[in-house]
Amino acid sequence: MFRRRPPLPAFPPGALLVGGAARDWLRGIQPKDFDWAVPDPEAAARQVAAREGGSAFPLDEDRGYWRVHLPEGVQHDFVPLPDDVTADLLRRDFTVNALALTANRQVLDPTGGRADLRSRRLRMVSEANLRDDPLRAWRAARFEVTLGFRLEAATEAAVRRVAADLAAGTLPMPAPERVRDELHALLGHQDAARGIWRLEELGLLALTLPELREGIGIVQGGFHHLDVFGHGVEALHQLLARFPHADLPLRWATLLHDVGKPRAQGVNPKSGRITFYEHDRIGAALTKGILTRLRLPSSEVERAAALVRAHMVPLPAGEREARRFVHRRRELLPDLLRLMLADREAARGPQSHPAIRHAYAAAMDWVLAALEEQPAAPRPLLTGEDVMALLGIPPGPAVGEALRAVAEAQALGEVRTAEEAQALLLGRGDTASSSRTPPF
């Protein structure tokens with residue numbers, strides 16, 4: 001079943017390789033994170049760091065936990081060797097993680113984890129262990145996706161009970177940062193969309209992304225063949241099928257791009273059709289709140305929210321408008337196009353016929369060509385000081401508006417020199433854009 005087993009690094013004196021690294025090695029997969037139980041964690045960490053060219057530092061000096069970072073993202077963690085290794089393994093979450101490996105490749109397996117590996121089965125060590133750390137419920141969904149295993153029936157029932165007790169408040173919720181890390185491990189996988197469905201089936205999505213669940217059962221019609229929730233998950237699937245290296249802010253934005261629709265839902269009084277006016281604006285605000293709650297870095301929160309806010313902007317109808325599109329949304333490109341494409345490909349309703357899809361593809365081609373032609377914003381032709389001197393105005397919003405007008409005209413190829421930019425602002429007739437009224 002498993003691939004040929006990869007080489008392992010030299011074992012520190014008296015060490016056991018435990019948990020996920022032992023599991024992955026038995027599956028024939030090269031671990032990148034190594035968990036070691038050793039008699040002297042500090043000495044072992046310093047030895048590995050010196051041998052491999054990494055850096056060693058304490059994670060928890062009181063408990064004697066150390067970590068080593070190596071090049072290419074490899075990480076080694078060191079904890080004190082327990083007095084009773086079997087008892088320690090029996091406190092683990094799942095049998096496939098309750099494994100340890102000795103230096104001579106002897107496998108310690110008190111729970112039958114090797115048999116579960118062969119059967120691709122995810123089985124809890126005990127329900128009490130899941131309840132001791134409820135984050136393990138999320139880990140169950142994550143392991144199903146990342147390991148390609150399936151929860152056995154008793155374990156799935158236990159995970160559902162943990163989720164129910166968390167919802168009832170009889171179990172404490174894990175820290176948001178820990179839930180975020182599990183979600184990111186799941187979202188980082190190629191099959192992340194299936195993981196979102198599993199979170200819903202296990203009762204965990206309501207504890208994590210309740211706003212996303214508001215779209216369940218909301219029928220859209222028109223271009224759409226799925227309800228709002230299903231469409232968001234399918235858009236994530238379409239994104240990863242086409243752009244497997246999409247970063248996390250783009251993955252979040254794609255999953256959440258229509259999260260505002262349930263709260264924006266209305267009815268057009270003339271046609272009687274369901275509407276979702278302003279769902280992009282509402283969705284951007286919800287996205288910001290969700291990702292802030294999960295403690296994502298502010299830069300990632302802002303980027304995901306900006307992508308959600310922009311996902312409904314009309315694509316250009318020609319080359320000139322494509323240059324304007326690139327100029328106005330350069331900071332979001334090409335991710336905005338990737339999100340828009342995933343959104344379109346996740347909509348297969350009766351109005352989504354081939355002619356519309358062809359027009360959509362042509363518009364994207366225009367934008368990509370414009371972005372290739374001008375991959376970076378051109379150097380400004382005028383400064384704020386130039387504008388104030390030219391127009392005789394003090395510092396203020398009008399200066400910024402004038403600079404934006406010049407920058408857009410420059411991006412469109414309407415002005416190419418400082419003199420032409422000055423003429424644009426003065427409204428003189430000796431530039432290619434003399435007939436335009438500056439928008440300030």
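The structure is a predicted model, in which local features need pLDDT of at least 70 and side-chain atom pairs count only at pLDDT 80 or more, while totals for chains, interfaces and linings use all residues. Residues are numbered from 1 along each chain as its sequence is written, and side-chain values use heavy atoms, with hydrogens and water left out. Helices (H or I, at least four residues) and strands (E, at least two) are DSSP runs, numbered from the N terminus.

- Strands β3 (residues 55-60) and β4 (residues 65-69) run antiparallel and are joined by five bridges; strands pair if DSSP finds at least two bridges between them.
- D60 has Y65 in β4 as its bridge partner.
- Four residues lie between the two strands of this hairpin, and G64 in the turn has a positive phi of about 75°.

**Helix α19**
- Buried residues of α19 include Y360, M364, V367 and L371 (buried is under 20% relative accessible area, exposed over 50%, partly exposed in between; 1.4 Å probe, protein chains only).
- On the other side of α19, P354, A355, H358, E372 and E373 are exposed.
- The cover over the buried residues of α19 includes α17 (319-329) and α18 (335-345), where contact means heavy atoms within 4.5 Å.

**Loop residue D40**
- D40 sits in the loop between β2 (33-38) and α2 (41-52).
- D40 counts as partly exposed because its relative accessibility is 41%.
- The C-alpha atoms of D40 and W66 are separated by 9.9 Å, and the two residues are 26 residues apart along the chain.
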